[in-house]
Amino acid sequence: MTDFTRIGLLLYPGCMPAGLLAFADLLHAANRRLGRSRFQVRYVALRAGPVDCAHGVTLAATDALGDALLDAVLVPGFWAESPAQVDELLLTQTELIAVLASRGRRCGLWSYCTGVALLAASGRLDGQSATVTWWLAERMRQRFAKVHWQSEQSGVFNDRTATASGVNGYLPIAQHLIEQIVDAETFRDLARLMVLPRPALAHPAFQGVSLMEQSSTLVRRLHALVEGLPAERITVSMLASRLGMTERTLARRVRDEAGQAVAAYARRIKLNQASERLTLTSAPVTTISLELGFSSDSNLRRMFKAVTGLTPAEYRQRFSRL
């Protein structure tokens, strides 16, 4: 990423613009820090003019994607709650996909969250490593078999492509860009001064665990239920009863929609809550254990190390954001 200066932020109907705005702010701040315009950012679309993005937001593209002189294009995600909805959007964006495919090989293409599907459909990820939001991983493997999917990674960076998972995937892309072209200290300063949430990447055990990243209505209901319950009280029987279904039905649906057994999924959610407290607060493990309803702090320590390979103290030292 040593020669990316002119960066197009891609707008298309239904795209989520928040990440693009935050990405632009980061590069603007980097320019201010350097005292010169190292990065030039513009909004592009299939055609110049207003674009209706997600959530009623309209932004104006100054240039047409096919005509703009750019070193790289950032493709944001779009709102989708299932792989089927992703497939539907790809069917409506064939012209955009074709233009992405036609961009010269010297133009970098970066994407995050569900937007990675557009990049994969363009063929520009064929033969390369890439990642994607975890709940899309299986569909992407099936549909785009020429891509070397590494969905366990939160970010994958190649010479001319970059992909990241999650709605905040713009952040590791911006981090990689700024660290490569400027330096790591500059990015740390920007992250601290701009109060950006979670500049550090999460432990692999907790990637894709947040409630916002769940696509299934049932999984979101289960997730919210588990977060509000003491860990010691959680049983499959109780969860099934609260959700109004049999244990067998719950087990089958969670296995199909979340890819895990109910007990393992619930345990991962509670341990993720513990990880958040370890990295965002200075509370002792005994307090965290009590707050989350574990039977004992020794039980929390044992389960935490089994999942992460780290003791809570080691995890805090490595991932703390304080």
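At what angle do helix 8 and helix 11 pack, and how far apart are their axes? Bear in mind throughout that this is a predicted model. Select helix 8 and helix 11 (residues 262–280): the angle is about 55 degrees and the axes are 9 Å apart. That angle makes helix 8 oblique to helix 11. The crossing of the two is right-handed. To see the contact, show side chains for Val-219, Leu-222, His-223, Val-226 and Glu-227 on helix 8. On helix 11, the partners are Tyr-265, Ala-266, Ile-269, Lys-270 and Gln-273.

From helix 8, select Leu-218, Arg-221, Leu-222, Leu-225 and Val-226; they meet Leu-239, Arg-242 and Leu-243 of helix 9. Leu-222 and Val-226 are in this list, and they also take part in the contact with helix 11.

Next, the aromatic rings. The model has six aromatic pairs. For one of them, select Tyr-12 and Phe-78: the ring centres are 6.4 Å apart and the planes are at 70 degrees, so the pair is edge-to-face. Tyr-12 is in the loop between strand 1 (6–10) and helix 1 (18–34), while Phe-78 is in the loop between strand 6 (72–75) and helix 2 (83–92). The two residues are 66 residues apart, and their pairing links distant parts of the chain. Are Tyr-12 and Phe-78 buried or exposed? Both are buried.

Then select Phe-206, Phe-304, Tyr-315 and Phe-319, which ring pairs link into a cluster. For a ring with a charged neighbour, go to Phe-39: Arg-38 lies over its face, 5.8 Å from the ring centre.

The last stop is Cys-53, in the loop between strand 3 (49–52) and strand 4 (58–61). Its relative accessible area is 8%, so Cys-53 counts as buried. Which residues does Cys-53 contact, leaving aside neighbours within four places in sequence? They are Leu-11, Gly-14, Cys-15, Pro-17 and Leu-59. To finish, draw a C-alpha to C-alpha distance from Cys-53 to Ser-289: it comes to 42 Å, for residues 236 apart in sequence.

Key:
Residues are numbered from 1 along each chain as its sequence is written. This is a predicted model: local features need pLDDT of at least 70, side-chain atom pairs count only at pLDDT 80 or more; totals for chains, interfaces and linings use all residues. Side-chain values use heavy atoms; hydrogens and water are left out. Rings of Phe, Tyr and Trp (its six-membered ring) pair if their centres lie within 6.5 Å; planes under 30 degrees apart count as stacked, over 60 as edge-to-face and the rest as tilted. Helices (H or I, at least four residues) and strands (E, at least two) are DSSP runs, numbered from the N terminus. Buried means under 20% relative accessible area, exposed over 50%, partly exposed in between (1.4 Å probe, protein chains only). A charge sits over a ring if NZ of Lys or CZ of Arg is within 6 Å of the ring centre and within 35 degrees of the ring normal. Contact means heavy atoms within 4.5 Å. Axes are lines fitted to C-alpha atoms, for helices over the stretch in contact, and angles run from 0 to 180 degrees between N-to-C directions. Angles under 35 degrees count as roughly parallel, over 145 as roughly antiparallel, 65 to 115 as roughly perpendicular and the rest as oblique. A crossing is left-handed if the near helix is turned anticlockwise from the far one by less than a right angle, and right-handed if clockwise.
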